[in-house]
Amino acid sequence: MTIEGSPRGRVALVVENDPSDGLARLGGWLTGGGLELAVVRPHAGEELPADLEGYAALVVLGGEQDAFPGPGGERAAPWFAQLEGLLRKAVRHKVPTLAICLGAQLLAQAHGGTVERSSAGPEIGVRLVARRDVADNDPVFAAVPFAPDVLHWHRDEIVELPVTATLLAASTHYPVQAFRIGPSAWGLQFHIECDLEMFAAWAMDGVGTLGELGIDPIELLESVEAALPDVAEVWQPFVERFAAVALGRTPRGDGGLRSLPLLGPA
């Protein structure tokens with residue numbers, strides 16, 4: 001585990017599920033919001049903590065793995081069951097959580113939602129998502145524009161949200177784009193963390209998929225590069241509002257300031 005900074009009351013646990021999807025721009029936005037980062041990389045053999053005691057927040061990143069079990073019940077990564085346990089603890093103890101793409105799928109699945117291979121096919125590139133009216137009452141989503149730019153690269157989707165979830169943003173072919181569970185656990189199906197280098201690496205690795213979809217890699221990267229300033233304009237303040245919730249500077253979705261209890265085993 002790599003720890004940046006020391007005050008545990010300001011530390012966000014960051015779970016990197018895949019070496020191809022690190023913090024990138026998200027790291028600077030989180031630290032700019034006042035959080036310190038403790039990054040654990042289970043894909044490299046690092047152990048997830050048993051609980052979230054002392055952490056101000058949990059951030060779960062994306063990856064190319066499937067969130068859902070295979071035909072024989074096997075998981076795409078051996079740590080997914082434990083990670084889902086941490087996500088349940090985060091919601092139970094109101095530890096502010098930000099889960100992105102694969103992370104959002106695991107968050108939904110950990111609370112009774114359903115994730116499947118999408119019948120709509122892969123969603124790749126710059127897209128718009130539509131913020132729902134209920135987001136007006138959300139402490140981090142309320143200031144998001146009606147139809148912000150986001151970046152996509154995924155083939156799976158959340159086909160059923162947990163009954164406890166609130167849908168915050170949607171799109172035509174992938175209805176679940178953003179949601180909240182409880183007062184302070186947010187899931188984003190799209191990517192906000194990418195820089196151009198990260199997305200270009202995905203395009204290189206997925207050139208076969210792009211060809212099958214008829215997507216020109218150069219045009220794709222040009223569109224991503226053009227959209228990056230707009231993505232930062234919307235989602236950097238969003239991340240800073242999340243950090244404010246984690247640090248107790250902003251009310252949670254239930255209207256109260258968060259107080260972190262001692263956490264025990266699952």
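This is a predicted model: local features need pLDDT of at least 70, side-chain atom pairs count only at pLDDT 80 or more; totals for chains, interfaces and linings use all residues.
Residues are numbered from 1 along each chain as its sequence is written, and side-chain values use heavy atoms, leaving out hydrogens and water. Local features need pLDDT of at least 70 and side-chain atom pairs count only at pLDDT 80 or more, while totals for chains, interfaces and linings use all residues.

**View 1. Trp79 and Phe80 form an aromatic pair.**
The structure holds nine aromatic pairs (Phe, Tyr or six-membered Trp rings with centres within 6.5 Å; planes under 30 degrees apart are stacked, over 60 edge-to-face, the rest tilted). Here the ring centres are 5.8 Å apart and the planes stand at 90°, so the pair is edge-to-face. Trp79 counts as buried at 13% relative accessibility (buried is under 20% relative accessible area, with a 1.4 Å probe and protein chains only). Phe80 is buried too, at 0%.

Trp186 lies in strand β13 (residues 185–188) and Phe242 in helix α6 (residues 217–246), so the pair ties together parts 56 residues apart in sequence (DSSP runs: helices H or I, at least four residues; strands E, at least two; numbered from the N terminus). Trp186 is buried at 0% and Phe242 at 1%.

**View 2. Helix α2 covers residues 80–92.**
Its buried residues include Phe80, Leu83, Leu87 and Val91. The buried residues of α2 pack against β2, β4, β5, α3, β12 and β13 (contact means heavy atoms within 4.5 Å). Just after α2, look for Lys94, with a positive phi of about 60°.

Terms used: Buried means under 20% relative accessible area, exposed over 50%, partly exposed in between (1.4 Å probe, protein chains only). The expected span of a helix is 1.5 Å times one less than its number of residues.
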